Amino acid sequence: FCKSQNPLSFRSFIMADIDALLNGFASRLDVVEKSLGISGGGGGGGAAPAASGSSEVSPSVKAFDDFSNPELAKFTAACAAIGGEDLATCSKLVTDAWAAQRAFLVMASECKKPADLMGAMKSTGVVDACQAANKAVKRGDFELHYKAVQEGLGALNWLMVEPKPRDVIEAQVGAQDYHANKIRIQYKRNTDKFDENQHAFCDSFKKLLNDLIPYTKAHHLTGVAWNFKGKDMASFTPPAAPAAP
């Protein structure tokens with residue numbers, strides 16, 4: 001190998017080449033991000049925020065809506081088919097929690113990651129939704145339904161977990177299944193007590209929770225993807241709750 005007679009000159013030459021390479025890479029990355037409609041963030045890569053005053057949402061929030069809405073509709077329909085005040089409460093608990101989770105994800109798509117994650121959970125209603133599920137549990141004919149909902153909504157803790165949010169979701173799917181399986185046994189197929197709506201309650205709720213796993217893998221692999229180019233959380237206004245599915 002030839003040695004430079006002037007180390008400083010050689011170093012300057014190398015650094016210039018490196019700078020040119022990095023600038024070229026940054027430019028190409030910018031083009032790719034714009035074409036995909038994304039901007040960098042934490043976790044699995046943040047989505048570009050919608051323009052101020054726009055009804056558009058980021059790709060990650062749209063993906064959340066796409067998987068959530070069909071299963072949430074099936075769950076609320078099962079609750080309505082079973083009927084009664086207790087199942088109406090279960091339906092509302094899950095619907096409210098899912099709306100709060102969505103608000104948190106909209107915040108993440110528009111804002112820089114805040115130092116106070118618990119504050120973000122509170123401001124978007126996630127904490128209130130989970131506490132409501134905890135307080136709703138009571139003895140009676142639908143105790144198992146309340147407990148399944150309570151355990152399942154514990155999966156929303158994934159919003160604060162890094163680097164493996166999937167682990168939290170999987171754990172809570174298993175926890176709610178403990179109670180849901182008792183419901184399935186109580187209304188077992190091929191028996192006089194068989195009730196398709198009871199099975200639909202269990203299956204649709206489990207599917208809603210399970211679908212969070214591929215969603216987080218695709219959009220929030222190592223934790224919620226915040227928008228590092230976004231605004232501060234203090235200036236964020238939570239979106240209005242979407243129409244019921």
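How many of the 245 residues of the protein count as buried? The share is 40%, where buried means under 20% relative accessible area, exposed over 50% and partly exposed in between, with a 1.4 Å probe and protein chains only.

This is a predicted model, in which local features need pLDDT of at least 70, side-chain atom pairs count only at pLDDT 80 or more, and totals for chains, interfaces and linings use all residues. Residues are numbered from 1 along each chain as its sequence is written, and side-chain values use heavy atoms, with hydrogens and water left out.

**Whole chain.** Start with a cartoon view. The protein has nine helices and zero strands. Helices are DSSP runs of H or I with at least four residues, strands are E runs of at least two, and numbering starts at the N terminus. Now show the surface. The accessible area is about 13,400 Å², and carbon and sulfur atoms hold 57% of that; the method is Shrake-Rupley with a 1.4 Å probe. Contact means heavy atoms within 4.5 Å. Among contacts with a separation of 6 or more, 74% join residues 24 or more positions apart.

**Stop one: H6 and H8.** Select residues 143–153 for H6 and 196–210 for H8. Their axes come within 11 Å and cross at roughly 5°. Axes are lines fitted to C-alpha atoms, for helices over the stretch in contact, and angles run from 0 to 180 degrees between N-to-C directions. H6 and H8 are therefore roughly parallel; that label covers angles under 35 degrees, while over 145 is roughly antiparallel, 65 to 115 roughly perpendicular and the rest oblique. Show side chains next. H6 brings His-145, Ala-148, Val-149, Gly-152 and Leu-153, and H8 brings Gln-198, Phe-201, Phe-205 and Leu-209. By class, this contact has six nonpolar, three polar and no charged residues. Nonpolar covers Ala, Val, Leu, Ile, Met, Phe, Trp, Tyr, Cys and Pro; charged covers Asp, Glu, Lys and Arg; the others, Gly among them, are polar.

**Stop two: H7 and H9.** Select 165–186 for H7 and 212–219 for H9. Their axes lie 10 Å apart, at an angle of about 175°. H7 and H9 are therefore roughly antiparallel. Arg-166, Ile-169 and Glu-170 of H7 meet Leu-212, Ile-213 and Thr-216 of H9. Here the contact has three nonpolar, one polar and two charged residues.

**Stop three: Pro-239.** Move to the segment after H9 and pick Pro-239. Beyond its neighbours within four places in sequence, Pro-239 contacts Arg-102, Ala-103 and Val-106. Finish with a distance: the C-alpha atoms of Pro-239 and Thr-124 are 9.0 Å apart, across 115 residues of chain.
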